[in-house]
Amino acid sequence: IEQAISHLPRSEQRLMQMRQQGMENEEIVAITGIPIRSIRTMLSSARKKMIQQFQQVSHEYLFRHLITKYYTVKKGFNRLMLSTNNFEKIVCNRNNS
């Protein structure tokens, strides 16, 4: 969460950090002097940006995981094919002898 907050614009970072500390909107108004409607809008915008960041990271992780699995399966399949080919060569050589 801290990393996602660090990618927000400074003004949204500050508000999200205040919310993380447990401050209510009214307390944030008293400290910053920003109107409550603006605070609500900025917090909403910050949450949406953070959700997008989490989704992007999740998609990237899932993609890397699937690619890794694909190549692991492909590598295993290639080994199996090599083993099968070697087995066929051994069997053919024995039958020819």
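This is a walk through a predicted model of one chain, from its overall layout to a few single residues. Because the model is predicted, local features need pLDDT of at least 70 and side-chain atom pairs count only at pLDDT 80 or more, while totals for chains, interfaces and linings use all residues. Residues are numbered from 1 along each chain as its sequence is written, and side-chain values use heavy atoms, with hydrogens and water left out.

Start with the layout. The chain has four helices and zero strands. Helices (H or I, at least four residues) and strands (E, at least two) are DSSP runs, numbered from the N terminus. Read from that end, the order is α-α-α-α.

Next, confidence. pLDDT is the predictor's confidence in each residue, from 0 to 100. The chain averages 80. A score of at least 70 is reached by 71% of the residues. Helix α3 (residues 25-32) has the highest confidence, at 95. The lowest is in α4, at a mean of 74. Where pLDDT is low, the predicted coordinates should not be read in detail.

Now burial. Buried means under 20% relative accessible area, exposed over 50%, and partly exposed in between (1.4 Å probe, protein chains only). Of the 97 residues, 16% count as buried. In α2, the buried residues are Glu12, Gln13, Leu15, Met16 and Met18.

A nonpolar core is a set of buried Ala, Val, Leu, Ile, Met, Phe, Trp, Tyr and Cys residues joined through side-chain atoms within 4.5 Å. The largest one here has 12 residues, among them Ala4, Leu15, Met18, Ile28, Ile39 and Met50. At least two residues of this core come from each of α1 (2-6), α2 (10-20) and α4 (36-96). The largest share, five residues, belongs to α4.

Contact means heavy atoms within 4.5 Å. Beyond its neighbours within four places in sequence, Ile39 contacts Leu15, Asn25, Ile28, Val29, Thr32 and Ile34. Across the chain, contacts with a separation of 6 or more include 48% between residues 24 or more positions apart.

The α2 and α3 pair comes next. Two packed helices are described by the angle between their axes and the distance between the axes. Axes are lines fitted to C-alpha atoms, for helices over the stretch in contact, and angles run from 0 to 180 degrees between N-to-C directions. For α2 and α3, the axes come within 10 Å and cross at roughly 130°. α2 is therefore oblique to α3. Angles under 35 degrees count as roughly parallel, over 145 as roughly antiparallel, 65 to 115 as roughly perpendicular and the rest as oblique. From α2, Arg14, Leu15, Met18 and Arg19 meet Asn25, Ile28, Ile31 and Thr32 of α3. Gly22 follows α2 and has a positive phi, near 95°.

Asn25 sits in helix α3. Its relative accessibility is 14%, so Asn25 counts as buried. Leaving out residues up to four places away in sequence, Asn25 touches Arg19, Ile36, Ile39, Arg40 and Leu43.

Compare Arg37, in helix α4. Arg37 counts as exposed because its relative accessibility is 69%. Between Arg37 and Asn25 there are 9.5 Å in space, C-alpha to C-alpha, and they are 12 residues apart in sequence.

Finish at the start of the chain. Ile1 lies in the segment before α1. At 58% relative accessibility, Ile1 is classed as exposed. Ile1 still touches Gln20, Met50 and Phe54, not counting residues up to four places away in sequence. Met50 is 49 residues from Ile1 in sequence, and their C-alpha atoms are 8.1 Å apart. Met50 also belongs to the largest nonpolar core.
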